[in-house]
Amino acid sequence: MRARDGLQRAPAAARMATMATLTVCEIFLSIQGEGRSAGLPCSFVRLAGCNLRCSWCDTAYAWSGGEPMSIPQVLSRLEQLRCRRVEVTGGEPLVQPETLELLKRLCDRGWTVLLETNGSLDIAPVDRRVVRIVDFKCPSSNQEPKNLWTNVASLTDKDEVKFVLADRADYDYARQKLAAHQLCRRCTVTFSPVFGRLDPAEVARWILADGLDVRLGLQLHKILWPQQTRGV
Ligand code: SF4
């Protein structure tokens, strides 16, 4: 398209997509700590900002701040990390509308793309090629009323649901939601004890005693690098 000033211009939609800016907390390469890809190398894009305030949040540093980056800048940084598996996380990634475009552009590259989202925002607009990891909140987080249970209808067998458990009451809540929404029939489900607060062996015993078909999440990155609080 040639504008009145004679310069060659990209179509408006393409220009908008190129100019879209995200507020990024950090981009790093690590080992995926949980879920179906646990143990595999993975690049992470941690976006800044979150609409929740979980009592045990371990990434509160992502609630604010961050650096503005265009989508091409994010893609270029990821290219440097040389990993074709990438997780977009937060904070809460879906509070930034541009995240949807980033996810699409990552999928277009043929990469394995994961999105970790806190379960309070609609996942339906997310590109269907993305593995959506929905982190529904248990009572100890103090954010449980924010769960958007209509998200369950969007889940497919390549998606994942995670419950972070701080105590037995959280476990009982997760078990009840598992049954009420038939979650194990829809996707992979992980029960992840809060690191240093609830003994994983205790959760393992509960799972086995109740015959639940869920995965125990151990947050491998925290076992590998217990002192590191960012970039893992
Ligand atoms: S949703 Fe995630 S980033 Fe936001 S407060 Fe909860 S744990 Fe922290």
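Helices and strands are here runs assigned by DSSP, numbered from the N terminus. In these terms, Asn142 of the predicted model lies in the loop between strand 6 (131–136) and strand 7 (160–165). The phi angle of Asn142 is near 70°, a positive value in a residue other than glycine. Asn142 has 14 other C-beta atoms within 10 Å; because this count falls between the limit of 12 or fewer for exposed residues and that of 20 or more for buried ones, the residue is classed as partly exposed.

A positive phi, of about 50°, is also found at Gln182, which is not a glycine. Gln182 belongs to the loop between helix 4 (168–180) and helix 5 (183–186). With 9 C-beta neighbours inside 10 Å, Gln182 counts as exposed, since the limit for that class is 12 or fewer.

Strand 6 is paired with strand 5 (residues 112–117) through four bridges, and the two run parallel. Within this pairing, Ile133 of strand 6 stands opposite Glu116. Strand 6 also pairs with strand 7 in the parallel sense, again over four bridges; here Asp135 has Lys162 of strand 7 as its bridge partner.

Nonpolar side chains tend to be buried together in soluble globular proteins. The largest nonpolar core of the model contains 45 residues. Of these, Val24, Val45, Val74, Leu103 and Leu165 touch the most other members. When residues up to four places away in sequence are not counted, Val24 touches Val45, Leu47, Ala48, Gly66, Glu67, Met69 and Val74.

The residues around the ligand are Cys50, Leu52, Arg53, Cys54, Cys57, Thr59, Ala62, Gly90, Gly91, Glu92 and Asn118. By class, this shell comprises five nonpolar, four polar and two charged residues. Two residues of the shell, Gly90 and Gly91, are joined by a cis peptide bond, with omega about 15°. Gly91 is located in the loop between strand 4 (85–89) and helix 3 (99–108).

Technical notes
Residues numbered from 1 in each chain as written. Predicted model: local features only at pLDDT ≥ 70, side-chain atom pairs only at ≥ 80, totals over all residues. Core = buried A, V, L, I, M, F, W, Y, C linked by C-beta atoms within 7 Å. Contact = placed C-beta atoms within 7 Å. Near = placed C-beta within 6 Å. Nonpolar A, V, L, I, M, F, W, Y, C, P; charged D, E, K, R; others polar. Pairing = 2+ DSSP bridges.
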